[in-house]
There are 2 protein chains.
Amino acid sequence: MLGSVMEGDCITTLSTPVMVVDVDVVKRNAERMRGHWTKLGVTLRPHMKTHKTLECGDIMTGGSRRCIVVSTLAEAGFYADHGYDDILYAYSVPFDKVERCALLAERLSLFQVLLDHRDALEQLRKRPLTDGRVWHSEGVELTGVYAHCGNTYGCRGAEQIHAVARETTTLVLQFMEKLKAVGISCKSSIGSTPSCSQPISDMAKLSEVHPGNYVFFDVQQSVIGSCGLEDVAVRVLSRVIGHSPHRNQLLLDCGWSALRLLSMTQEHGRVEPLSGQLDYSRYPLGTLLTIIPYHACATAMMHSVYYVHSGGRLVGKWTPTRGW
Amino acid sequence: MLGSVMEGDCITTLSTPVMVVDVDVVKRNAERMRGHWTKLGVTLRPHMKTHKTLECGDIMTGGSRRCIVVSTLAEAGFYADHGYDDILYAYSVPFDKVERCALLAERLSLFQVLLDHRDALEQLRKRPLTDGRVWHSEGVELTGVYAHCGNTYGCRGAEQIHAVARETTTLVLQFMEKLKAVGISCKSSIGSTPSCSQPISDMAKLSEVHPGNYVFFDVQQSVIGSCGLEDVAVRVLSRVIGHSPHRNQLLLDCGWSALRLLSMTQEHGRVEPLSGQLDYSRYPLGTLLTIIPYHACATAMMHSVYYVHSGGRLVGKWTPTRGW
């Protein structure tokens with residue numbers, strides 16, 4: 001049972017608005033990404049922030065439940081509660097959450113936090129770990145350098161993505177050399193779905209990569225050049241609830257509480273044709289529309305459950321964790 | 001107990017990001033709005049969509065738990081489950097939800113739905129109510145006309161709001177006259193927080209008004225002229241987690257998953273001064289900042305709990321309903 005719908009039911013029977021996930025596309029995206037990094041000999045540490053579910057985490061880690069990135073401590077706790085370990089909290093450690101970080105560090109084999117200010121180092125030193133554990137030698141040890149090439153989101157096409165990936169990789173590797181020169185040897189990790197979906201050979205010199213969105217992809221990623229539209233695993237299903245001929249628009253039952261798009265109110269979406277007059281006879285009230293999200297992370301955040309299908313037939317539902 | 005914090009604790013002890021509600025301001029906003037409409041002899045039917053909580057609904061209805069508007073069937077069911085009645089589902093009835101609407105109509109003394117297309121009328125006729133109830137005589141009866149003057153959101157100042165309120169009121173009343181001329185007599189209701197916060201005398205001729213946001217207000221409403229900043233009841237608390245001198249920015253622990261603003265990533269907010277160089281010594285890491293939301297409805301939607309305070313001391317927490 002999936003609420004009032006049943007396993008095997010067609011997704012078109014779902015009450016809208018609803019977010020659906022094509023599990024076959026999810027698996028294919030996860031395998032392709034693993035393939036890239038196995039080939040380059042670099043550890044893939046997938047980011048959980050896009051979906052925040054156990055089931056999708058299992059697909060991304062190939063069932064190992066090891067070596068992940070999270071964006072909130074709520075995620076860290078959720079995954080730890082379900083047997084995950086080797087968790088990287090990819091967030092400048094917030095001073096009001098040092099205690100929660102320490103508890104996770106004491107509970108897991110490996111829990112990593114990010115620092116980007118000397119004051120944060122002081123905060124960690126003020127909360128030594130129990131059971132002979134250490135934040136690391138001399139109290140704290142640098143495990144690695146973490147960079148996110150967020151500027152790939154301004155790219156259009158593989159060539160531009162490669163240029164940013166090359167620049168980021170070079171900068172990180174140069175920084176590693178400088179650290180080495182003063183006797184510090186540690187790991188290096190860079191991220192972003194665009195650069196990791198279009199890897200360049202230099203990235204083989206990194207220790208890890210940490211993309212996340214790739215498991216769902218979205219319209220934004222297809223515009224950037226990370227994927228084709230056929231790789232996008234998520235859809236929002238919505239129904240036509242109104243005709244507005246005076247505006248040449250359809251009204252949908254899907255507002256910004258279900259999707260992130262322009263021209264929306266809290267619970268209404270407005271659709272208009274790129275050109276010409278809408279033919280309303282093609283879209284009677286009740287017509288089901290399938291919308292490909294522009295940003296999957298933001299869209300997923302608005303749904304407390306994702307309905308999962310294979311070939312349009314429901315196979316289960318995934319429940320994300322929320323909060324901070 | 002409020003999770004790990006206690007009643008009476010100062011809100012500054014809360015883990016961030018977090019949304020806090022000043023219950024005294026909420027009560028004052030609710031009373032002022034009731035005052036406007038008692039004076040004009042018009043029924044106030046408050047909209048629940050901004051907060052979606054029981055406690056705030058009780059404040060808005062003065063404890064009567066009667067005569068409300070909701071934006072989703074999830075809200076309708078939530079309020080019905082808690083003894084509310086006379087609920088208006090202010091949404092063109094979606095064809096996949098006729099059955100759920102019928103069940104609510106059979107269960108409550110009064111449950112009203114909106115129609116704006118003849119096809120929707122057919123849908124209701126295909127699902128007659130049980131127990132001698134009717135959608136109304138001849139199967140369906142028109143209870144009233146519902147309009148939302150959303151164009152008040154483009155106003156700046158009371159004068160412009162009055163102009164839109166006057167135009168909307170006039171149009172609705174003219175329409176009522178036309179209906180009357182063909183023998184149909186029914187109620188009239190208009191909404192929007194700007195027009196209802198700055199009522200004009202003509203609105204006394206309406207049967208009902210249905211504002212919602214006014215109980216929280218926000219920066220947008222203060223810019224429009226519905227309220228002063230001192231009337232905004234909600235804040236997002238956030239802490240400084242990074243200094244970015246190369247960008248003249250502070251980094252906050254509050255992204256679009258907690259607030260809707262420009263220049264945010266999923267879990268990071270970026271703040272820069274209107275002019276000049278940031279003095280970082282004034283904002284060490286860990287500094288607590290208080291942010292007034294631009295749009296309270298959208299901000300509230302991102303929080304699964306609101307912490308409620310009086311004079312900065314916690315008095316409880318409110319849990320909203322979600323979904324559709």
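A salt bridge is taken here as a side-chain nitrogen of Lys or Arg within 4 Å of a carboxyl oxygen of Asp or Glu. By this rule, Arg45(A), Asp86(A), Lys187(A) and Glu208(A) are linked in a network, and the count over all chains comes to 32 salt bridges. The structure is a predicted model, in which local features need pLDDT of at least 70 and side-chain atom pairs count only at pLDDT 80 or more, whereas totals for chains, interfaces and linings use all residues; side-chain values use heavy atoms, with hydrogens and water left out. Residues are numbered from 1 along each chain as its sequence is written, while chains are lettered from A and ligands numbered from 1 in the order in which they are written.

We can turn next to the domains. Chain A is divided into domain 1 (11-19 + 230-318) and domain 2 (23-216), with bounds that come from an automatic or database domain assignment. The centres of the two domains, taken over C-alpha atoms, are separated by 33 Å. Contact (heavy atoms within 4.5 Å) takes 19 residues from domain 1 of chain A and 18 residues from domain 2 of chain A. Buried area is the accessible area (1.4 Å probe) that two parts lose on being put together, summed over both; between these domains it is about 1300 Å², of which carbon and sulfur atoms give 60%. Asp231(A), Cys297(A) and Trp318(A) supply 44% of the area that domain 1 buries against domain 2, more than any other three residues. Two salt bridges are found across this interface. Asp231(A) also forms a salt bridge with Arg32(A), the closest N and O atoms being 3.4 Å apart.

Between the chains, 39 residues of chain B are in contact with 39 residues of chain A. Together the two chains bury about 3200 Å², 59% of it on carbon and sulfur atoms. Six salt bridges are counted between chain B and chain A. Arg239(B) and Asp96(A) form a salt bridge, with the closest N and O atoms 3.1 Å apart.

The sheets of chain A come next. Helices (H or I, at least four residues) and strands (E, at least two) are DSSP runs, numbered from the N terminus, and two strands pair if DSSP finds at least two bridges between them. Four strands form an open sheet in the order S2-S8-S7-S6 (chain A), with parallel pairing. Strands S2 (43-44) and S6 (144-148) of chain A stand at the edges, each with a single partner strand, so one side of each is left without a neighbour in the sheet. Five bridges join S6(A) in the parallel sense to strand S7 (residues 187-191) of chain A, and Gly144(A) stands opposite Lys187(A) in S7(A). Helix H6 (residues 158-181) of chain A packs on the sheet, touching S6 and S7; its direction makes about 160° with that of S7(A). Such angles run from 0 to 180 degrees between N-to-C directions, with axes being lines fitted to C-alpha atoms, for helices over the stretch in contact.

Thr143(A) lies in the loop between helix H5 (118-125) and S6 of chain A. At 31% relative accessibility, Thr143(A) counts as partly exposed, on a scale where buried means under 20% relative accessible area, exposed over 50% and partly exposed in between (1.4 Å probe, protein chains only). Among the residues that Thr143(A) touches is Gln112(A), which is 31 residues away in sequence and 8.1 Å away in space, C-alpha to C-alpha.

In chain B, strand S4 (residues 85-92) pairs with S5(B) in the parallel sense over four bridges, and Ile87(B) has Phe111(B) as its bridge partner in S5(B). Both faces of strand S5 (residues 111-114) of chain B are covered, with Phe111(B) and Val113(B) buried on one side and Gln112(B) and Leu114(B) buried on the other.

Strand S7 (residues 187-191) of chain B holds Ser188(B), which is buried with a relative accessible area of 4%. Its contacts include Val145(B), Lys205(B) and Glu208(B). Lys187(B) forms a salt bridge with Glu208(B), the closest N and O atoms being 3.7 Å apart. This pair links distant parts of the chain, 21 residues apart, with Lys187(B) in strand S7 and Glu208(B) in strand S8 (residues 208-209) of chain B. Lys187(B) is partly exposed at 39% relative accessibility, whereas Glu208(B) is buried at 6%.

Note on methods:
Lists of a residue's contacts leave out its neighbours within four places in sequence.
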